[in-house]
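Dear colleague,

Please find below the structure that I am handing over to you. My notes on what was found in it follow directly after.

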Amino acid sequence: IFVHEYGHYWMARRRGLKIEGFSLGFGPKIFSWTRDGVEWSLRWIPAGGFVKLPQMITSEAIEGKGSSEIPPAAPFSRILVAVAGPAMNIVFAFLIASVIWFIGLPMLVNPPVIGRVDPQSPEGRAGILAGDRITAISGHPVKSWQDINLEVFTALTNVVPVTFQRAGREFTVSLPTKRSETLGLKWLDLEPQEKPVVGMVKPDMPAARAGLRLGDKFISFDGVYVLNQEHLTELIRKGEGRPCEVVIERGGKKQTVTITPVYEPTEKRGMIGIGFAGGHYEVQRPGPTPVAQFREVLRLMGKTFTALSHSKETGVSAKDMSGPVGILGKLAVDVKTDYRLALNFMVMLNINLALLNLLPLPVLDGGHILMALYEIVTRRRVGVRFQEYATTAFAVILISFMLYVTFYDFHRAPIFRELLRQNSVVETPAPTPAPTRP
């Protein structure tokens, strides 16, 4: 928001406009100070910000009464000032994306391979087997479970065509989705095949004594290949009290250790003293190019608007969006996992802020541009009182919407608390050695 508003501020100074204030947030002031005739302030409602420019009609209800004796700015100057905010966000996003391209980006490792399938389930009766790989949902290629979930969330039907690959051959099956009454979102009733990753090792427990480390991946336990976290938990329970051969992967190499699960009275089952990682990431270096990052943000924005505009079919509605609380929660989780994920999230935030502000609504930059273009074309100004009323009305709607989504953000607070408790593993793959000549 600061970068956005500073774009307006910088261009207004370049065009010689009078600047009376620079605010982050709306509503009552938390604190303020005045320098060179400009009042800088931080306010209580973190739903945006503004630069108070009396020569550009905005809203007295939000910014307070301005200097009425100053003539309005020329239409071209108003357009430049309005465009400068979103443009600054785009430039800032590009700079962050360039840094990510240089330092790399952790990518979640979750290949779309099926784990255990109940033969009596609709999926089992349709012929889906453990080890099948999903390659497309509704004809859209997918490379991870994240991609799968996004395609299913935004699907306009409750039955989606899923393309699988098995032994080099592809086949498509239409599968029913399940819906969470709490979250209101859909998903496929398919279990991922995953290698459980160690996210925590308790001292003085069997895993610690066997030398397990953060980031180790389970291949097999007691001679049985591990399908997922739940499967490993069951194998540990069955192995209570006896030495079990465990094969792990560490740094791309397999190692074998012996672990004897012990009975834990509090959990009433056999345990080895580990916690699973909240996510397993591998650093892609160099990271995605700035163009690729921008393209991905635009793809996600398009999916979001499609899902919202077909809310009845997708189950996605305004309450599933996030306000300041949800944004800060997501940012906190990313910072805890890896600062590069937080930078990637900032790229998305800046692009979203830029494009949404260009919508032709009176309270947004697009509204200023639209009214200035109207004046250029018709050679008549939009009525001052109409601009004031329209801007105030849309500002009230915008702030009300922010309060609405923030209400649901607080309902999702337990999810963020749980995510913050989890430890994720971020690995940097060893570089591939250069081939040697005989």
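This is a predicted model: local features need pLDDT of at least 70, side-chain atom pairs count only at pLDDT 80 or more; totals for chains, interfaces and linings use all residues.

In the helix pair α3 and α12, residues P75, R78, I79, A82, V83 and P86 of α3 meet D365, H368, I369, M371, A372, L373, E375 and I376 of α12, where contact means heavy atoms within 4.5 Å. Helices (H or I, at least four residues) and strands (E, at least two) are DSSP runs, numbered from the N terminus. By class, the residues of this contact of α3 with α12 comprise ten nonpolar, one polar and three charged. Here Ala, Val, Leu, Ile, Met, Phe, Trp, Tyr, Cys and Pro count as nonpolar, Asp, Glu, Lys and Arg as charged, and the others, Gly among them, as polar.

Residues are numbered from 1 along each chain as its sequence is written, and side-chain values use heavy atoms, with hydrogens and water left out.

Overall dimensions and content

The chain contains 14 helices and 18 strands. Its C-alpha atoms fill a box of roughly 90 × 60 × 45 Å, taken along the principal axes. Of its 438 residues, 43% count as buried; buried means under 20% relative accessible area, exposed over 50%, and partly exposed in between (1.4 Å probe, protein chains only). Among contacts with a separation of 6 or more, 64% are between residues 24 or more positions apart.

Helix packing

Helix α3 (residues 75–103) packs against α12 (residues 365–378) at an angle of about 160°, with the axes 9 Å apart. Axes are lines fitted to C-alpha atoms, for helices over the stretch in contact, and angles run from 0 to 180 degrees between N-to-C directions. The two helices α3 and α12 are therefore roughly antiparallel (angles under 35 degrees count as roughly parallel, over 145 as roughly antiparallel, 65 to 115 as roughly perpendicular and the rest as oblique). The crossing of α3 and α12 is left-handed, a term used if the near helix is turned anticlockwise from the far one by less than a right angle, with right-handed for clockwise.

Helix α3 also packs against α11: their axes come within 8 Å and cross at roughly 155°. That makes α3 and α11 roughly antiparallel, and their crossing is left-handed. The contact of α3 with α11 has 15 nonpolar, four polar and one charged residues. Among the residues that meet there are F92, I96 and I100 in α3 and L343, V347 and I351 in α11.

Helices α10 (residues 324–337) and α11 (residues 339–357) pack at an angle of about 150°, with their axes 5 Å apart. Their contact has nine nonpolar, one polar and two charged residues. D334, in helix α10, is buried, with a relative accessible area of 7%. Beyond its neighbours within four places in sequence, D334 is in contact with Y339, L341, A342 and F345.

Nonpolar cores

A nonpolar core is a set of buried Ala, Val, Leu, Ile, Met, Phe, Trp, Tyr and Cys residues joined through side-chain atoms within 4.5 Å. The largest has 17 residues, and I134, F164, L188 and L190 have the most contacts inside it. Two or more residues each come from β4 (133–137), α5 (145–153), β6 (159–166) and β7 (169–179). A second, separate core has 16 residues, including L212, L235, I248 and I272.

In α5, the buried residues are W145, I148, L150, E151 and V152. They pack against β4, β5 (140–141), β7, β8 (186–188) and α8 (290–309).

Individual residues

G270 lies in strand β15 (residues 269–271) and counts as buried, at 0% relative accessibility. G270 and M371 are 101 residues apart in sequence and 70 Å apart in space, C-alpha to C-alpha.

A cis peptide bond joins R285 and P286, with omega about 0°, and P286 is found in the loop between β17 (280–284) and α8. A167, although not a glycine, has a positive phi of about 55°; A167 is in the loop between β6 and β7 and is exposed, at 80% relative accessible area. R379 has a positive phi near 60°, lies in the loop between α12 and α13 (384–411), and counts as exposed at 77% relative accessibility.

With kind regards
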